[in-house]
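Please read the points below with the model open beside you, taking them in order.

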Amino acid sequence: MLYIEQLKNRYRLIVSYVGVIIIGVGLIMLLPLLVLPFYPSEIELMPFFLFPALLSIVIGYLMKLLPVNKQDETSLSLPEGGVIVVLTWFLTIVLSTLPFIMSGMLNFSQAMFEAVSGWTTTGLSVVDVTSAPNIVLFWRSV
């Protein structure tokens, strides 16, 4: 039974670390709102960025709240670090699709492509840059 308890503590630690990173992602998702003072006509797009950012911060905070043993927090193994990276990338990309989907600009697969392209700095895009709002262009650039 001690092994199962230690395993639960390690899983909580992994989820806690992912939560901290997802809070950071939520804060990054607020950056496009800095464009609004320069383009006040795009204020109607604000909820499409504000809601996913707040959702990310809340999800990350709830993940961070899991109780973790302080002695377990000292080090991570290489496989645990790999799990943290995979979970973080997956959640980040899924949460990053929300502004594109909620605004109605892209469907899910296009939004997923755009989010993956943006976070991996691939440079490929399915957004028409000639007609896209400036706040969306800024989000793709971030």
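1. Among contacts in the chain between residues at least 6 apart in sequence, where a contact means heavy atoms within 4.5 Å, 70% join residues at least 24 apart. This is a predicted model, in which local features need pLDDT of at least 70 and side-chain atom pairs count only at pLDDT 80 or more, while totals for chains, interfaces and linings use all residues. Residues are numbered from 1 along each chain as its sequence is written, and side-chain values use heavy atoms, with hydrogens and water left out.

2. The chain has five helices and zero strands, where helices (H or I, at least four residues) and strands (E, at least two) are DSSP runs numbered from the N terminus. Taken along the principal axes, the C-alpha atoms fill a box of roughly 60 × 25 × 20 Å. Of the 142 residues in the chain, 32% are buried, a word that stands for under 20% relative accessible area, with exposed meaning over 50% and partly exposed lying in between (1.4 Å probe, protein chains only).

3. Helix α2, residues 46–64, has 19 residues and reaches 27 Å from its first C-alpha to its last, close to the 27 Å expected at 1.5 Å a residue, the expected span being 1.5 Å times one less than the number of residues. The buried residues of α2 are Phe49, Pro52, Ala53, Ser56, Gly60 and Met63. Seen down the axis of α2, these buried residues fall within an arc of 100 degrees, so they line one face of the helix; the arc is that of the directions from the helix axis to the C-beta atoms. They pack against α1 (2–29), α3 (78–102) and α5 (134–141).

4. How many aromatic pairs does a search of the whole structure find? The search finds one, counting rings of Phe, Tyr and Trp (its six-membered ring) whose centres lie within 6.5 Å, with planes under 30 degrees apart called stacked, over 60 edge-to-face and the rest tilted. The rings of Phe49 and Trp139 have their centres 6.4 Å apart and their planes at 75 degrees, so the pair is edge-to-face. Because Phe49 lies in helix α2 and Trp139 in helix α5, the pair ties together parts that are 90 residues apart in sequence. Both Phe49 and Trp139 are buried.
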